[in-house]
Amino acid sequence: MLIWAEKFYGKEFVNFLKGHFDPLDVVFRLANETSIVLLNGGGFGGPEWSIRASLANLNESDYIVIGKAILKILEEYA
């Protein structure tokens, strides 16, 4: 997620996110605001600021919806 944040908003924004929010904030917001329930990747050995989605249970179009929802949250933080 920080790769997206830096690509779209720059390194200062990444530092802002890391300094003011917890990586779980994004997955909780995603669940509360969109009913999309994903897991933080840090619990699975991934980067702390990553999000884990199942690649087995969803249609391809579902991943577009998920990506747009994550991007919207980043936009709101920015």
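Reader: Which residues make the nonpolar surface patch?
Author: I3, W4, F8 and Y9 make it, about 430 Å² in area. Patch residues have over 30% relative accessible area and no salt bridge, and nonpolar side chains are joined within 5 Å. A salt bridge is a Lys or Arg side-chain nitrogen within 4 Å of an Asp or Glu carboxyl oxygen. Areas are Shrake-Rupley values with a 1.4 Å probe.

Reader: What should I know about the model and numbering?
Author: The model is predicted, so local features need pLDDT of at least 70 and side-chain atom pairs 80 or more, while totals for chains, interfaces and linings use all residues. Numbering starts from 1 along each chain, and side-chain values use heavy atoms, without hydrogens and water.

Reader: Where is Y9 found?
Author: In helix α1, residues 2–9. Helices are DSSP runs (H or I) of at least four residues.

Reader: Y9 buried, partly exposed or exposed?
Author: Partly exposed, because its relative accessibility is 31%. Buried is under 20%, exposed over 50%.

Reader: OK, the core. How many residues has the largest one?
Author: It has 17, with L17 and L30 making the most contacts inside it. A core joins buried Ala, Val, Leu, Ile, Met, Phe, Trp, Tyr and Cys through side-chain atoms within 4.5 Å.

Reader: Which helices supply it?
Author: α1, α2 (11–20), α3 (23–34) and α4 (60–77) each give at least two residues. α4 gives the largest share, six.

Reader: What does L17 contact?
Author: Beyond neighbours within four places in sequence, L2, A5, W49, L74 and Y77. Contact means heavy atoms within 4.5 Å.

Reader: And N32, buried or exposed?
Author: N32 is exposed, at 68% relative accessible area. N32 lies in α3.

Conventions: Patch = residues over 30% accessible without salt bridge, like charges linked within 9 Å, V, L, I, M, F, W, Y side chains within 5 Å. Buried < 20%, exposed > 50% of the residue type's maximum accessible area, 1.4 Å probe, protein only.
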